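My notes follow in the order I looked things up.

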Amino acid sequence: MSQPSPLSPRKIITIVEEIAQEGGRAVSPVARIAIVAAVIPNPWAGQGFVPDLAPGIDAVASDLGALLAPRVIAALDAPLEAYGKAAIVGLEGEIEHGSALIHTLKFGNHFRDAANATTLLPAVEKRGAAGIVFDIPLKHFTDATIRSHHQTVEVRIADAPHPGEIVIALAGAAQGRPQQRLADLSTEQ
């Protein structure tokens with residue numbers, strides 16, 4: 001009999017934002033961004049300084065990526081063009097705890113594979129109390145230099161993270177910024 005995964009989310013939150021107007025003009029098609037976040041126990045909570053985070057990464061990161069990635073793709077309900085990730089650590093943890101879970105291929109490759117993406121996922125990590133507001137940076141999924149897809153999405157979960165928890169979130173957009181009109185980066189080179 002296999003052991004149950006140490007990953008046991010307290011809750012999973014899905015947010016879908018649709019932007020229909022920007023700058024006083026209609027956005028067509030409507031711009032869609034999907035965010036899926038899991039509120040999980042911090043695998044290192046209550047242990048003091050843990051010099052080797054690898055066992056916790058091995059126990060949680062891949063399962064977490066496998067849980068979140070398909071949910072973002074499904075919630076977006078359109079082909080993904082931009083993406084990003086976040087780790088928000090409760091006050092009893094270290095920022096390194098969140099970084100350990102999201103800055104590993106064991107986590108990120110689930111999203112890259114689901115989206116047929118090739119670029120690294122931009123990220124935000126921070127520590128904070130429940131209800132902290134955080135921005136998830138997004139970039140193009142195959143070319144991080146495409147300016148139109150550099151954007152952020154703001155997220156807040158009212159009751160998370162608790163002090164011994166971590167919020168791990170993935171975000172995807174079906175397009176770049178609504179009404180974007182900056183010239184390509186190549187025009188400045």
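I began with what covers the buried residues of α1, and the cover includes β1 (11-22), β2, α2, α3 and β7. Contact here means heavy atoms within 4.5 Å. Helices (H or I, at least four residues) and strands (E, at least two) are DSSP runs, numbered from the N terminus. Buried means under 20% relative accessible area, exposed over 50%, partly exposed in between, with a 1.4 Å probe and protein chains only.

This is a predicted model: I took local features only at pLDDT of at least 70 and side-chain atom pairs only at pLDDT 80 or more, while totals for chains, interfaces and linings use all residues. Residues are numbered from 1 along each chain as its sequence is written, and side-chain values use heavy atoms, with hydrogens and water left out.

**Helix α1**

I listed the buried residues of α1; among them are Gly56, Ile57, Val60, Leu64, Leu68, Val72 and Leu76. I then checked the span. α1 has 23 residues and reaches 32 Å from its first C-alpha to its last, close to the 33 Å expected. The expected span is 1.5 Å times one less than the number of residues. I also looked for a bend and found a kink of about 30 degrees, centred on Val60. The bend at a residue is the angle between axes fitted to the seven residues ending there and the seven starting there. Just after α1, Asp77 takes a positive phi of about 55 degrees.

**Helix α3**

Which residues of α3 are buried? I noted Phe107, Gly108, Phe111, Arg112 and Ala115. Seen down the helix axis, they fall within an arc of 120 degrees, so they line one face of α3. The arc is that of the directions from the helix axis to the C-beta atoms. On the face turned away from that side I found the exposed residues Leu105 and Asp113. The buried residues of α3 pack against α1 (54-76), β3 (82-89), α2 (95-102) and β7.

I looked at Ala115 in more detail. Its relative accessible area is 9%, so Ala115 is buried. Leaving aside neighbours within four places in sequence, Ala115 is in contact with Ile73, Leu80 and Phe141. I also took its distance to Val72: 9.7 Å, C-alpha to C-alpha, at 43 residues apart in sequence.

Asn116 follows α3. Its phi is near 55 degrees, a positive value in a residue other than glycine. Asn116 sits in the loop between α3 (105-115) and β4 (123-127). Its relative accessibility is 63%, so Asn116 counts as exposed.

**Aromatic pair**

I searched for ring pairs. Rings of Phe, Tyr and Trp (its six-membered ring) pair if their centres lie within 6.5 Å; planes under 30 degrees apart count as stacked, over 60 as edge-to-face and the rest as tilted. The count came to one aromatic pair. Tyr83 and Phe111 form it, tilted, at 5.3 Å centre to centre with 50 degrees between the planes. Tyr83 is in strand β3 and Phe111 in helix α3, so the pair ties together parts that are 28 residues apart in sequence. Both Tyr83 and Phe111 are buried.

**Strand β7**

How many residues of β7 are buried? I counted nine of the nine, so β7 is largely enclosed by the rest of the structure. In a regular strand the side chains alternate between the two faces of the sheet. In β7, Glu165, Val167, Ala169, Ala171 and Ala173 point one way, and Ile166, Ile168, Leu170 and Gly172 the other.

I then checked its partners; two strands pair if DSSP finds at least two bridges between them. β2 and β7 pair antiparallel over nine bridges. Pro41 has Glu165 as its bridge partner in β7. β3 and β7 also run antiparallel, joined by eight bridges. There, Val89 stands opposite Ile166.

Where are the cis peptide bonds? I found one from Ser28 to Pro29, with omega near 0 degrees. Pro29 lies in strand β2 (residues 25-41). Another runs from Ala160 to Pro161, again with omega near 0 degrees. Pro161 is in the loop between β6 (151-156) and β7 (165-173).

Gln179, not a glycine, has a positive phi of about 65 degrees. Gln179 is in the segment after β7. At 27% relative accessibility, Gln179 counts as partly exposed.
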